[in-house]
Amino acid sequence: MSDETAGVVIFALTYVLVCARRMGWLGLDRPGAALLGASACVLAGVLSAEQAVAAIDGRTILLLAGMMGMGAFLAADGFFDRAAVWLARTARTPSRLLAALVWSAGGLSALVTNDAVCVLGAPLVVELVRRYRLPALPYLLALATAANTGSVATLVGNPQNMLCASLGHLAYRDHLMLVGPVAVVSLVVNHAVLRLLFGKDLRGRLPIEHEDSGPVVTRRTAALFAVVCATVLGYLAGADLAWTSVAGCAVMFVVVRPRSPEQIWQRVDWSVLLFFAGLFVVVEAFVRTGVPALFFTVFPLEQGTGLASWLRLSAIFLFGSNIVSNVPFILVVREQMSSLPDPRLGWELLAVASTFAGNLTLLGSVANIIVAEKASGVGGVGFLSYLRAGAPVALLTTLVGSVMMWWMAG
């Protein structure tokens, strides 16, 4: 078997295993499948050991680790638990609670990543559903879709944005100025779709209990958010995204001085970092086969000045991100991005479309799977029940986002 054939076969098998999420009879999960594929690339001679190591984008791994670490501090502080109770007491009705969840999940995801918001927020939503006897599906969908939608606002909001920032050399401030308004309008669309679909299930008032849960923001919480704000200022000033996020996490140890640092590290999902490392290697092997270049020779990326051209390009990004998942698709398409007339705007559009693509199906985003798995005790989220809300949210936000970006770029 030639190296090219081996690269295609390994990529295809790895993709099947990753999409299956968990192969019980093999004992594999997503990170295990990615690491198995990466090892196979080296052992089969598709890549040398040196080429495999060079394929791993250390900046993306560092950035993701730093953001997870800061989210872990907020979770250990109990902020998310107190905030969930405060949201319910402030909203007082199921309808307003849905709105509060959409906007809080969307806003937080822009600061500490969508996956972290769903890991930390899903158990709290389940508790709210049980405590106030609410229909689970609207609130679970609100958490997952809004975390995806809101994360588009910043280059640290989700893994695919981090990857676009690293590969496309995007600036945090420029991205925020261009895509921030898109995120706000898209969250309005997101909320409107959920309200339209589930409005009849959200009538009445919440049976609010009277016990006091204490202040949402303690002195410790305020110190943590001060560090988060400092890192954002660093991003805006043009500091390196990866090292600024790692520095923010490290400073939190000094500011808060946790009694048990181990509890912070235990809340970081190291398997996600391994998953990305393995995926970098597998996709690099696939790119070297020449198959992606051949595909884009037949179906070239085009970025004209007209709206139709922008919509065509965003459609390729949206559906390509669902065919091979958003992060692998970004790695596959990176060689072709330089052929666009304005590569920077192309990378910005790719960040937006690949993020909104995560809302199309239940399997489109790791955040969706996290919510579905952690909510199994209250019925979870099925593929078709998710599709009913996720598809219109993804298609409408991609359309709105593409039109807004085309208009602002013009």
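This note goes through a predicted model, starting with its confidence and ending with single residues.

1. Basis of the model. Residues are numbered from 1 along each chain as its sequence is written, and side-chain values use heavy atoms, with hydrogens and water left out. Because the model is predicted, local features need pLDDT of at least 70 and side-chain atom pairs count only at pLDDT 80 or more, while totals for chains, interfaces and linings use all residues.

2. Confidence. The mean pLDDT (the predictor's confidence in each residue, from 0 to 100) of the protein chain is 86, and 95% of the residues reach at least 70. Helices (H or I, at least four residues) and strands (E, at least two) are DSSP runs, numbered from the N terminus. Among these elements, helix α10 (residues 172–198) has the highest mean pLDDT, 96. The lowest mean, 48, belongs to strand β1 (residues 22–23).

3. Helices α6 and α7. Helix α6 covers residues 94–112 and helix α7 covers residues 114–131. Their axes come within 8 Å and cross at roughly 145°; axes are lines fitted to C-alpha atoms, for helices over the stretch in contact, and angles run from 0 to 180 degrees between N-to-C directions. In contact (heavy atoms within 4.5 Å) are Leu-101, Ala-105, Leu-108, Ser-109 and Val-112 from α6, and Asn-114, Ala-116, Val-117 and Val-125 from α7. By class, this contact has 7 nonpolar residues, 2 polar and no charged ones (Ala, Val, Leu, Ile, Met, Phe, Trp, Tyr, Cys and Pro count as nonpolar, Asp, Glu, Lys and Arg as charged, and the others, Gly among them, as polar).

4. Thr-113 and Asn-114. Thr-113 sits in the loop between α6 and α7. Its relative accessible area is 2%, so Thr-113 is buried (buried means under 20% relative accessible area, exposed over 50%, partly exposed in between, with a 1.4 Å probe and protein chains only). Leaving out residues up to four places away in sequence, Thr-113 touches Met-67, Leu-108, Val-156, Gly-157 and Met-162. Asn-114 belongs to helix α7 and is also buried, at 2% relative accessibility. Beyond four places in sequence, the contacts of Asn-114 include Ser-109, Ala-147, Asn-148, Ser-151, Gly-157 and Ser-365. Asn-114 and Asn-368 are 254 residues apart along the chain, with 9.7 Å between their C-alpha atoms.

5. Outside the four places on either side in sequence, Leu-350 meets Cys-164, Phe-317, Phe-329, Ile-330, Val-333 and Met-337.

6. Cys-164. This residue is part of helix α9. Cys-164 counts as buried because its relative accessible area is 0%. Apart from residues up to four places away in sequence, Cys-164 touches His-169, Leu-170, Ile-330, Trp-347, Leu-350 and Ala-351. The C-alpha atoms of Cys-164 and Ser-354 are 9.9 Å apart, although 190 residues separate the two in sequence.

7. Two positive phi angles. Most residues other than glycine have a negative phi. His-169, which is not a glycine, has a positive phi of about 55°. His-169 lies in the loop between α9 (159–168) and α10 and is exposed, at 70% relative accessibility. Arg-257, also not a glycine, has a positive phi of about 50°. Arg-257 is in the loop between α12 (241–256) and α13 (262–265); its relative accessibility is 67%, so Arg-257 counts as exposed.

8. Val-378. The loop between α19 (366–374) and α20 (383–409) holds Val-378. Relative accessibility is 21%, so Val-378 counts as partly exposed. Setting aside neighbours within four places in sequence, Val-378 is in contact with Val-126, Val-129, Arg-130, Ala-136 and Leu-140. Val-378 and Arg-130 are 248 residues apart along the chain, and their C-alpha atoms are separated by 7.9 Å.
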